[in-house]
Amino acid sequence: MATTALKSKTSSATPFVLALRRALAEGATKKIADCAVGALDVEMVRSRDSVWAVIRRQGRGGLALRAAYLADEFEVTKLKPEAGEAVRIRVTSVLGEHLIVVRLGEDALEHLRLTVTLTPSESLLVPFLPRDLYPLDANDDPLGSSGTVEAGQRGLNSGLLYFRLDEPAFGNVLYFQNLTAMNPFYSATKTSPDGAVGGVWPELGYLPPTPTQSGTPPTEPLPAGAEVTLSDAILVFRHQTDSGERESARQFLQMLGVAYRMIDLPRTDFRDWIDRAERTLRDLDEAPEATIRHYGHRYIHPYTAAEYPDSMVQMSIVAAIHDWSKWQGELHPLEAEFKAGLGKFYDPKLKAMRRYLPNVGDDKDANAVDSWYLYHPMLNLGRLALDGDGEARALFVKSIDYGIKAAQHFEYKWPVQYNVTDFSVITETAGADGRGQTDVGGVYAWVMLQAFELTDEKRFLDEARAAIDAAVGLRFSINYQANLTAWGAAACMRLWRITSQDVYLEQSYVYLASFFHNCEIWESELELAVHYRNFLGATCLQDAPYMAIYECFDAYTAFEKYLDDSGPDLEPAARMLIAEYCKYALDRAWYYYPDALPPEAISPKQRETNGHVDRKLSFPLEDLYPDGQLAGQVGQEVYGAGAAMVFATRAFHQVEGAPFLVHCDHFVRARERTGDNALTLTLDGGETCTAGFSLVRRKRRKLPSVRLVTVGGDALRPHSSSADRIDYRVPANGRLILTWS
């Protein structure tokens, strides 16, 4: 849902809007209970067919949140609240028993959580339930309010709605449905919450998914006597609003952070990315499906035994192996071998890196390039160049001016695809939103900042600023491809560091808000999704139905850079969400590998030109689906094979002379060897979050006796221990002191 001003003063309304309007205007409601949080008054009332929570700010309007929709007469009983609850209500009707619980809080921002469960009295078919959220004016009239919806649920991403109630000036509201809690409902009714949170003003909120209405009624019931959650709605409020995109984005992140801390988070497990990386490197070297020879060099197949060599693919793998070489302390032979053929992608006439080799087949348009494809190989060349690789620097410098020429030609607003010889547009916009590749300016800006660091030429800094400035005004529509959006955030943060201009720090929040809007902040148990994890995964494109491994680990890499350049001025919620994304990436990315899935969860067919899936090869599948479709329908990504090396080199830390490696699922911001057998480490994740921390035995060594304490002296006990590994849960923010003997 793009940013849209929605005027509510209209001559049309649904029956549910009119019924609520009449009930509130004519006093046709009866109070059940009331409570307050901060400046908000909350009144639980019943109308003819519903139970409501009416939330008001004196003189500034409010919201009506439907807690239960009943089909017949019902009885309401006010119960004694349990610990942490403000209100507990039982509703009895022919449907069964609804239990409504309200929890309130105002630690930083006022928030309300309303959870509703139903225990059906009979096997119950659910043909329809209305939306639950209605903005109100100062006279409790939903048709008298007007506001702006900034963001709503996209597909199976987070069930959220972010809007501003302008008239009256109630403020900003984040509505968040904890979709994880409704998994049993979806399983029983064979439905999914695809686009379930949204609506048209003033009828907003959650539309519980029900089977398609047709001549054949739904036949999947809720079982009698089994309690099921119908809704777990979290509302976060902010009275002081700002319609500017940068402040609105910051407030979104801040409010999303409040909601995030309220939900039960899935567990994460230790993943041996070192072993995965070693297996991947072996398969890259030995599997005939992985590489092909041209011009005397080895090149990487994008998919298993399929597709033509590709500069983005080649550079992605080279950069990942380069990281592995640095981490190991010695050059891996595949790095030099794969790097040797890079020059054949360079076109001296065009003075640019092309996507394909000169001998690409006639079934490909050799001159066609997706806008982001021009810059991503340059980004990885820049990474190597900044590490002192002279050959990479030469290729980077030779290609940079063409990259600038393309950016200036398109005035920093790139189409989806164009011809590299004359910039003629092949595909202008994406069908999903009628826009081009809106976040290419972010990855372009990062490349320009690499060039600035390499050369100290101001023109590159100017280009980076021009690209970021051109994206102003896109608001929540800035995301085209998740990893590019993450690189845009990193570029903004780097610009802030270089220029000290706060506008770039603030603009980074726009990129982050769009990224996290595109995430699945829930754990799906739909169909085959029970075999893998999706929590906090980002769908790869703004309209994609799946998460993809490449976007996952490339965004992880970008966020490492973002946090490297950040400091105490960073919005704490942004820091927390980034750290949590990276933590869960290390866990859920494991399930992209076909040997981590049961065979029946993998598609037997792949996209026509994308080869096949071989479960014996340690290359990831491209696609996992939150609705539980078969995984790997697109193919098995050889070009995503760098994931294992990227994760291993960030999550595992060498400790010289120690018989173990340190593993942490958060980035270690600082480390100091304070003694022969003592190490101090600093983490900077979310202040209330936890990190996974492990000591992993080195081969042919034995784990010693260890002691792990916080900087305050609190001893931390492991939650599991074996001869090979000791696992802890530690505070995600602060210093840890590790000693061993």
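Reader: Is C35 buried or exposed?
Author: C35 is buried, with a relative accessible area of 17%; buried means under 20%, exposed over 50% and partly exposed in between, with a 1.4 Å probe and protein chains only. This is a predicted model, where local features need pLDDT of at least 70, side-chain atom pairs count only at pLDDT 80 or more, and totals for chains, interfaces and linings use all residues. Residues are numbered from 1 along each chain as its sequence is written, and side-chain values use heavy atoms, without hydrogens and water.

Reader: How many disulfides are there?
Author: The count is zero, taking a disulfide as a pair of cysteine sulfur atoms within 2.5 Å. For C519, the nearest cysteine sulfur is that of C552, 9.8 Å away. C519 is buried, at 0% relative accessible area.

Reader: New topic: in what order do the five strands of the open sheet lie?
Author: The order is β28-β29-β32-β36-β35, with antiparallel pairing. Strands are DSSP runs (E, at least two residues) and helices likewise (H or I, at least four), numbered from the N terminus; two strands pair if DSSP finds at least two bridges between them.

Reader: Which strands stand at the edges?
Author: β28 (652-653) and β35 (720-721) do, each with a single partner strand, so one side of each lacks a neighbour in the sheet.

Reader: And how many bridges join β29 to β32?
Author: Five bridges join β29 (residues 660-664) to β32 (residues 690-697). V662 stands opposite L695 in β32.
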